[in-house]
Amino acid sequence: MGKPTGFLEYERENGGSTPPKERIQNFCEFHTHLSREKQQLQGARCMECGVPFCQSGMNLMGMTSGCPLHNLIPEWNDLVYRGNWEEAYGRLKKTNNFPEFTGRVCPALCEEACTCGLNGDPVAAKENEFAIAEYAFENGYEKANPPKVRTGKKIAVVGSGPSGLAAADQLNKRGHFVTVFERSDRAGGLLMYGIPNMKLEKKVILRRLEIMKEEGVIFETGADIGTRDKAKKLLEEFDRIILACGASNPRDIKAQGRDAKGIYFAVDFLTQTTKSLLDSQLKDGKFLSAKGKNVVIIGGGDTGNDCVGTSIRHGCKGVVQIEMMPKPPKERALDNPWPQWPKVCKTDYGQEEAIAQFGQDPRIYESTVKEFIKDKEGKVKAVKIVKVAWRKNEKTGNMEIQEEPGTEKVLDCDLVLIAAGFQGSQKYVTDAFQVQVNERTNVETKPGKYKTNVDRVFTAGDMHRGQSLVVWAIREGREAAKEVDESLMGYTNLENQ
């Protein structure tokens, strides 16, 4: 422990961010970061607890508490304090293949479980992680390191999101020959097209992909493996296959007028914007534009917030975000104690920008869309929303949602974006490989395992566990890689990589 009294001597200090009115002028990352010296003082705040909840990754009341990757957070916090950045990166990389991603987009489950946060502010573990990763790239600690010995075994990874990349990275380091198949024109999956550029600049992903290529991983883009013939060919050519195709089925909204023009899924809206941005800096016009439009976003989660920020950058006339759940409290409720994940109200970057641009929070709570109203040409011109309440069904004991009579309200809109989450794997892919799925359409395996019902076919990530976080996808990719390696070699040492 670098400084036993550090948590008493130093206050938590975060990096800043570009003011909302300024940052909405572009799609660049907008967070600013502390100097190396100040970051080291943040490392000094770590108590190096005897029981480090920050790295536990345990399930409490249906929510994850602590890091699912079991990152060695107290160790690298101490090394940051001491200024030993190279060794800090070594400890960080031991459990996390891509800290440059999680240091940007992870919701910091570790911080919410930090013991310092029980009676004060938690250690700035996420910013320490970011600082360690970027320092490693800047100083040449992170570079290509191809395996010295190859096993001759060939593995196909279908999908290049965080789980697929993590699995590929681990198995390549083990010495297997790994080919990653991606149906889009660029590798990266969710990281590339599901997360907006201002949250994760795509040059960060490309930087990592180049290292993986130098280490021997082969990437084939524009390769949709979703037919039975292609699936059979992969099974003939490769020793093992990992399906890491994500939870790609967007949840729809069933309401009167759903067939109106001008209603889109959020994933399509975000993907098209990022692709156009990368292809032409939005000059080709090949994206759903919110410019000059009143936008209604259905869904209060991260994807909905990303749609708010993206719509504002397009130049929308106004934006509203519909959230079915009640507004969370400002502070932890008595039935939500530490170290559980705090169910409190948070204002994310998109909402901050809406407040700055339009003078009010875009979120409308405890509401749902009852009807999409069309104009004479069949285009959406408004949505009718209604207040809802969650009540307990006395017969079943389950909580049910009910409309509140007389609370209907009509909102003018020209563009509707559905950001209501995802329902699981896509049927054409699971049918092609003939893998079993559960009632939620996630690929089914034995509990804690990654092998499917089909011989030599494994799965990982959102396709396996359902819609989740990048940090969980990386963990799944690592664990699936370990299981694949053991099935090939009879043993595995990947946990020591």
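In helix α4, E75, W76, L79 and V80 meet W85, E87, A88, R91 and L92 of helix α5, where contact means heavy atoms within 4.5 Å. Helices (H or I, at least four residues) and strands (E, at least two) are DSSP runs, numbered from the N terminus. The model is a predicted one, in which local features need pLDDT of at least 70 and side-chain atom pairs count only at pLDDT 80 or more, whereas totals for chains, interfaces and linings use all residues. Residues are numbered from 1 along each chain as its sequence is written, and side-chain values use heavy atoms, with hydrogens and water left out.

Helix α4 covers residues 73-82 and helix α5 residues 85-95; they pack at an angle of about 170°, with their axes 8 Å apart. Axes are lines fitted to C-alpha atoms, for helices over the stretch in contact, and angles run from 0 to 180 degrees between N-to-C directions. The two helices are therefore roughly antiparallel to each other, a term for angles over 145 degrees.

Q39 lies in helix α3 (residues 36-44) and is buried, with a relative accessible area of 2%; buried means under 20%, exposed over 50% and partly exposed in between (1.4 Å probe, protein chains only).

Elsewhere, 5 strands form an open sheet with parallel pairing, in the order β7-β15-β8-β9-β10; two strands pair if DSSP finds at least two bridges between them. Strands β7 and β10 stand at the edges with a single partner strand each, so one side of each lacks a neighbour in the sheet. Within the sheet, 5 bridges join β8 (residues 294-298) to β9 (residues 318-322), and V295 has V319 in β9 as its bridge partner. Helix α14 (residues 302-314) packs on the sheet, touching β8, β9 and β15.

The structure also holds 37 salt bridges, each a side-chain nitrogen of Lys or Arg within 4 Å of a carboxyl oxygen of Asp or Glu. One of these joins E352 to R23, with the closest N and O atoms 3.0 Å apart. E352 lies in helix α15 and R23 in helix α2, so the pair ties together parts that are 329 residues apart in sequence. E352 is partly exposed, at 34% relative accessible area, whereas R23 is buried, at 2%. A further salt bridge links R174 with D485, and both residues are buried.

Note on methods: Parallel < 35°, antiparallel > 145°, perpendicular 65-115°, else oblique.
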